[in-house]
Amino acid sequence: MRTGGLNRLAALLAMLSFLGNLCGQESTVPVLGSPNSVRRRAEKGDARAQLELGVMYHEGKGVSQDNAEAVRWWRKAAEQGNAAAQYILGLVYNQGNGVPQDFAAAAGWYRRSADQGDPDGQYHLGAMYATGKGVPQDYAQAIRWYGKAADQGIVDAQNELGWIYYHGVGSEVALDYVESLRWYRMAADQGNADAQHRIGFMYYIGRGVPQDYDEALRWFRKSANQGYDLAQYNLGNMYERGEGVPQDYVEAHMWFNLSASHAGGITANILQSGFANERERIAKMMTSQQIAEAQRRAREWKPESIRNKR
């Protein structure tokens, strides 16, 4: 996480609070100051207080919950040049939260934030260029803004750059596995499970690196231990085939089982069905005792984050 004094703290308070609500999670992020003191400072033109007051209205902390009022105060802060408020207005317009959804307005606010060096604004502006929302699709611009955010440690920007260079996009970006791996590794080293899985796959098939089942297994396991479904599925395959490890149907069944239970995203139903089919397929080659053991291991499995807290 980046830090940058009191102004950056205010940005993080607002951003985390806002994103927590968008994700349906109750925020535990405190607001600085009492409602009355914050309001007095906000009405005197204090941009940071305006930012905080917007958070209070968005969450209903100390005031009645009111998205329109939240947006009004964030806009006041943003128009004074507060980069965090500009970034949040980008989110607001991107999501249509308290205002009509407007991708062009979202891109405009992200740009104002990004131009001030805000890494979150830079990342989201890059995403707008990558998807063509609110701006013409332009992967060269996407790389430019992702790169600025990635250089400031934004893990999702690093991962997106890995994807872009891995696939190559049109005439704008040439396929470059070495560059892809460089960005994926940056994201993976920060614990990004998707990047870890993609590095594992590159080692598994020998793309951009010499084929190496031991390295593939290592990266798949890092990702799988965080609950990433595709990595769990690929670990199951490696145990079934004895690639980089002794063949072990019990471990394979366990990982297929876990991948089916963790399948997510817009294709969750398709993935879940496919992973479950693999689990049932291998079960036909196992004894009832082996299946019971595999099921026990799956029940007792815990993500690495939980195991490390013990």
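Colleague: What makes helix 14 mostly covered?

Modeller: In this predicted model, 11 of the 14 residues of helix 14 are buried. Among them are Val-250, His-253, Trp-255 and Phe-256.

Colleague: How do you know that the length of helix 14 agrees with its number of residues?

Modeller: Helix 14 covers residues 249–262, and at 1.5 Å a residue its 14 residues should span 20 Å. The C-alpha atoms at its ends are 20 Å apart, so the two values agree.

Colleague: Why is Asp-248 said to cap helix 14?

Modeller: A side-chain oxygen of Asp-248 lies 3.0 Å from the backbone nitrogen of Val-250, at the N-terminal end of the helix. The cut-off for a polar contact is 3.5 Å, so the 3.0 Å pair falls within it.

Colleague: Why is Ile-291 called buried?

Modeller: Its relative accessibility is 19%, and buried means under 20%. Ile-291 therefore counts as buried. The residue is found in helix 16, residues 288–300.

Colleague: Which residues does Ile-291 contact, leaving aside neighbours within four places in sequence?

Modeller: Ile-291 is in contact with His-253, Ala-283 and Met-286. His-253 and Ile-291 are 38 residues apart in sequence, with their C-alpha atoms 7.5 Å apart. His-253 is itself one of the buried residues of helix 14.

Colleague: How many aromatic pairs does the structure hold?

Modeller: There are 8. One of them joins Tyr-87 and Tyr-110, with 6.2 Å centre to centre and 35 degrees between the planes.

Colleague: Why is the pair of Tyr-87 and Tyr-110 called tilted?

Modeller: Planes under 30 degrees apart count as stacked and over 60 as edge-to-face, with the rest tilted. At 35 degrees, Tyr-87 and Tyr-110 therefore make a tilted pair. Tyr-87 lies in helix 5 and Tyr-110 in helix 6, so the pair ties together parts 23 residues apart in sequence. Both tyrosines are buried.

Colleague: What makes Tyr-204 and Phe-220 an aromatic pair?

Modeller: Their centres are 6.3 Å apart, and the limit for a pair is 6.5 Å. The angle between the planes is 50 degrees, and this pair is tilted. Since Tyr-204 lies in helix 11 and Phe-220 in helix 12, the pair ties together parts 16 residues apart in sequence.

Colleague: Where is the pLDDT below 50?

Modeller: Residues 1–12 are one such stretch, and pLDDT also stays under 50 over residues 16–31. For the chain, the mean pLDDT is 87, and 86% of residues reach 70 or more.

Note on methods: Residues numbered from 1 in each chain as written. Predicted model: local features only at pLDDT ≥ 70, side-chain atom pairs only at ≥ 80, totals over all residues. Heavy atoms only, no water. Helix = DSSP H or I, 4+ residues; strand = E, 2+ residues; numbered from the N terminus. Buried < 20%, exposed > 50% of the residue type's maximum accessible area, 1.4 Å probe, protein only. Contact = heavy atoms within 4.5 Å. pLDDT = per-residue confidence, 0-100. Expected span 1.5 Å × (residues − 1). Polar contact = N/O pair within 3.5 Å; in protein donor to acceptor, adjacent residues only side chain to side chain. Phe/Tyr/Trp six-rings, centres within 6.5 Å; stacked < 30°, edge-to-face > 60°.
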